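I opened this entry to keep track of what I looked up in the model, one topic at a time.

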Amino acid sequence: MSDIERLLADYIAEHRAGGEADPREYLSRASPARRTELAALIDAYLVRAPRQHFQEADFRGSRAERTVDELERAIAGRSGLWPALLPRLRDQAGLKRSELVERLAAALGVGDRTDKVAGYYHEMEQGLLPADGVSDRVLDALGRIVGETAQALRDAGRALAPSGEGPAAPAAAFARRAYAEPAGTAAPDVQPSPASERDEVDELFLGS
């Protein structure tokens with residue numbers, strides 16, 4: 001049995017046992033090169049799996065709703081799995097987003113431009129920022145803050161859309177099937193500075 005087959009079997013077992021069966025957790029355990037394949041397999045299983053009775057009142061405000069929202073941003077966005085991974089790492093580190101941003105800006109030596117760093121970090125969590133443009137310097141600093149390696153963050157940012165700019169794999173739509181189909185709230189569009197007015201912060205998050 002391959003690693004992907006084992007992860008799928010474990011996911012199915014948890015799902016059938018009535019556990020949380022969070023697809024995000026299983027994707028994070030797969031190698032970056034095979035995450036899209038695992039997403040497709042989970043999706044195919046959920047299409048055939050019996051529907052669980054859905055109580056909207058219980059869903060609203062639950063961890064399941066948050067997971068769906070995060071995965072929808074990951075699937076539709078340009079930042080790979082960052083919308084699912086970064087909030088979880090931030091929570092594990094016991095940090096509010098404002099606290100993380102302040103520490104990140106200070107670590108990058110741009111503490112006087114915290115608001116600008118906040119805008120770009122917001123885009124990372126919302127899936128709006130192309131992951132390949134974010135510098136290793138940012139990921140190194142962010143990784144030290146949340147207790148993850150820069151390479152793991154880079155791999156997560158490149159997941160779901162291996163070509164970087166192409167659409168996410170259609171099979172990754174399992175997020176909606178796993179729980180429900182809430183009406184998502186669009187994140188605000190944070191516009192970068194014009195190329196002629198870019199500063200160090202823009203270069204750190206957008207590339208040269």
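**Ground rules.** I am working from a predicted model, in which local features need pLDDT of at least 70 and side-chain atom pairs count only at pLDDT 80 or more, while totals for chains, interfaces and linings use all residues. Residues are numbered from 1 along each chain as its sequence is written, and side-chain values use heavy atoms, with hydrogens and water left out.

**Whole chain.** I looked up the secondary structure and found 12 helices and zero strands in the protein chain; helices here are DSSP runs of H or I with at least four residues, strands are runs of E with at least two, and both are numbered from the N terminus. I noted that 43% of the 208 residues are buried, where buried means under 20% relative accessible area, exposed means over 50%, and partly exposed lies in between (1.4 Å probe, protein chains only). Of the contacts with a separation of 6 or more, 73% are between residues 24 or more positions apart, contact meaning heavy atoms within 4.5 Å.

**Core.** Which residues touch the most other members of the largest nonpolar core? I found Leu-38, Trp-82, Leu-104, Met-124, Leu-142 and Phe-205, out of 46 residues in that core. Helix H9 (residues 136–146) gives the most to this core, with six residues. I recorded the definition too: a nonpolar core is a set of buried Ala, Val, Leu, Ile, Met, Phe, Trp, Tyr and Cys residues joined through side-chain atoms within 4.5 Å. For Met-124, I left aside neighbours within four places in sequence and found contacts that include Trp-82, Leu-86, Leu-142 and Phe-205.

**Helix H6.** I checked helix H6 (residues 82–92) and found it mostly covered, with eight of its 11 residues buried; among them are Trp-82, Pro-83 and Arg-90. Leu-86 lies in this helix and is buried, with a relative accessible area of 1%. Leaving aside neighbours within four places in sequence, Leu-86 is in contact with Tyr-121, Met-124, Glu-125, Leu-142 and Leu-153. The C-alpha atoms of Leu-86 and Tyr-121 are separated by 9.6 Å, although these residues are 35 apart along the chain. Just after H6, I noted that Gly-94 takes a positive phi of about 70°.

**H7 against H9.** How do the axes of helix H7 (residues 97–107) and H9 cross? They come within 10 Å and cross at roughly 135°, the axes being lines fitted to C-alpha atoms, for helices over the stretch in contact, with angles running from 0 to 180 degrees between N-to-C directions. That makes H7 oblique to H9, since angles under 35 degrees count as roughly parallel, over 145 as roughly antiparallel, 65 to 115 as roughly perpendicular and the rest as oblique. I listed Leu-100, Arg-103, Leu-104 and Ala-107 of H7 and Val-138, Ala-141, Leu-142, Ile-145 and Val-146 of H9 as making the contact.

**H7 against H8.** I found H7 and H8 packed at an angle of about 120°, with their axes 9 Å apart, and that makes H7 oblique to H8.

**Gly-133.** I placed Gly-133 in the loop between helix H8 (114–126) and H9. Not counting residues up to four places away in sequence, Gly-133 touches Glu-203, Leu-204, Phe-205, Leu-206 and Gly-207.
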